[in-house]
Amino acid sequence: MGAKVYSVSNQKGGVAKTVSSVNIGIGLAREGKRVLLVDIDPQGSLTASLGYPQPDQLEVTLATLMAKIIADEPIEPGEGILHQNEGVDLVPANIELSGMEVTLVNTMSRETILREYIKMVRDSYDVIILDCTPSLGMLTINALAAADEVLIPVQAQYLSIKGLEQLIRTIARVKRQINPGLAISGILITMADMRTNYTRDIIQLLHETYDGRLRIFEHIIPMSVRAAETSAEGKSIYLHDPSGKVAKAYAALAREVMG
């Protein structure tokens, strides 16, 4: 069977997708899991967040590997995988991936190219996390086709919730047409300012709307400047602010995700 594959998806930007991917991934590595993080965003945010601030200078990225699969060329074991110093592995991305989105449109089995790659590396890991682009384009469809479960980070804001139904419909369509095993792992509430009534009302609205349909993880990630700083520093919250509330919340959330 190999690794469990999670797609971290939301077509809305600014919901802490990448921060969550990094800190859940490294949180699981700290629990002794073998973790691979895959950057599926041409902006390379995950790549930069893990300490590679110039993704466009990397020679082998996800775009290279997907191009090889499309061209039926062999991929060497471990090719393109970077070993990050906090104990996770990374398949990086850069702007070349936006060209891949265009290429995929005219490719046979275009929705499953990423799945082919994941199959090759799956046995080497316990967990694979796919950090998606903030859109519902072909790259996100590829991630949903390759995943076992979807984690949906949602900021505790009304507009963030409004876009959820569209994402859930897309996931249902991928499940029906491409990946019958796909499930929604749950909704992660991020960047929550629990001191305000507004945030508490939004969280209550989420529960009223989705309880019984979808799991809402009980560990909520609090709003924090420290968490936002980590991306620029290229390291996780566990190194940046180890005793802070966000580090504790992500460590607990990582354990909850793995159940």
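**Exercise 1. Threonine 133**

In which loop does threonine 133 lie?

Solution. 
- Step 1. Know your model. It is predicted, so local features need pLDDT of at least 70, side-chain atom pairs count only at pLDDT 80 or more, and totals for chains, interfaces and linings use all residues. Residues are numbered from 1 along each chain as its sequence is written, and side-chain values use heavy atoms, with hydrogens and water left out.
- Step 2. Threonine 133 sits in the loop between strand E5 (127-132) and H6. Helices (H or I, at least four residues) and strands (E, at least two) are DSSP runs, numbered from the N terminus.
- Step 3. Check the cover. Buried means under 20% relative accessible area, exposed over 50%, and partly exposed in between (1.4 Å probe, protein chains only).
- Step 4. List the contacts (heavy atoms within 4.5 Å). Leaving aside neighbours within four places in sequence, threonine 133 touches Asn10, Lys17, Ile40, Asp41, Pro42, Leu139 and Thr140.

**Exercise 2. The whole protein**

Describe the overall build of the protein. How many helices and strands does it have?

Solution. 
- Step 1. Count the elements. There are 12 helices and seven strands.
- Step 2. A compact globule of 259 residues would have a radius of gyration near 18 Å; the protein has 17 Å, which agrees. This radius is taken over C-alpha atoms, and the globule rule is 2.2 Å times the number of residues to the power 0.38.
- Step 3. Box it. Along the principal axes, the C-alpha atoms fill roughly 55 × 40 × 30 Å.
- Step 4. Look at burial. Of the 259 residues, 55% are buried.
- Step 5. Look at sequence distance. Among contacts with a separation of 6 or more, 80% join residues 24 or more positions apart.

**Exercise 3. The cores**

Which residues have the most contacts inside the largest nonpolar core?

Solution. 
- Step 1. A nonpolar core is a set of buried Ala, Val, Leu, Ile, Met, Phe, Trp, Tyr and Cys residues joined through side-chain atoms within 4.5 Å.
- Step 2. Read the largest core. It has 55 residues, and Ile128 and Leu130 have the most contacts inside it. H6 gives the most to this core, with seven residues.
- Step 3. Turn to the other core. A second, separate one has 32 residues, including Val88, Leu90, Phe217 and Ile237.
- Step 4. Zoom in on isoleucine 128. Not counting residues up to four places away in sequence, its partners include Val5, Leu36, Val38 and Ile118.

**Exercise 4. Helix H3**

Which residues of helix H3 are buried, and what do they pack against?

Solution. 
- Step 1. Name them. In H3 (residues 62-70), Leu62, Ala63, Leu65, Met66, Lys68 and Ile69 are buried.
- Step 2. Find the partners. These buried residues pack against strand E2 (35-40), strand E4 (89-91), helix H4 (96-105), helix H5 (113-121) and helix H6 (138-146).
- Step 3. Look past the end. Aspartate 72 follows H3 and has a positive phi, near 60 degrees. Most residues other than glycine have a negative phi.
- Step 4. Compare another case. Alanine 16 has a positive phi of about 70 degrees although it is not a glycine. Alanine 16 lies in the loop between strand E1 (4-8) and helix H1 (17-30).

**Exercise 5. Salt bridges**

How many salt bridges does the structure hold? Then trace two of them.

Solution. 
- Step 1. A salt bridge is a side-chain nitrogen of Lys or Arg within 4 Å of a carboxyl oxygen of Asp or Glu.
- Step 2. Count. The structure holds 10.
- Step 3. Trace one. Arginine 34 and aspartate 126 meet at 3.1 Å, N to O. Arginine 34 is in the loop between H1 and E2, aspartate 126 in the loop between H5 and E5, 92 residues apart.
- Step 4. Trace another. Arginine 213 pairs with glutamate 165, their closest N and O atoms being 3.5 Å apart. Arginine 213 lies in the loop between helix H9 (197-210) and helix H10 (225-233), and glutamate 165 in helix H8 (residues 164-177), so the pair ties together parts 48 residues apart in sequence.
- Step 5. Arginine 213 is partly exposed, at 48% relative accessible area. Glutamate 165 is partly exposed too, at 28%.
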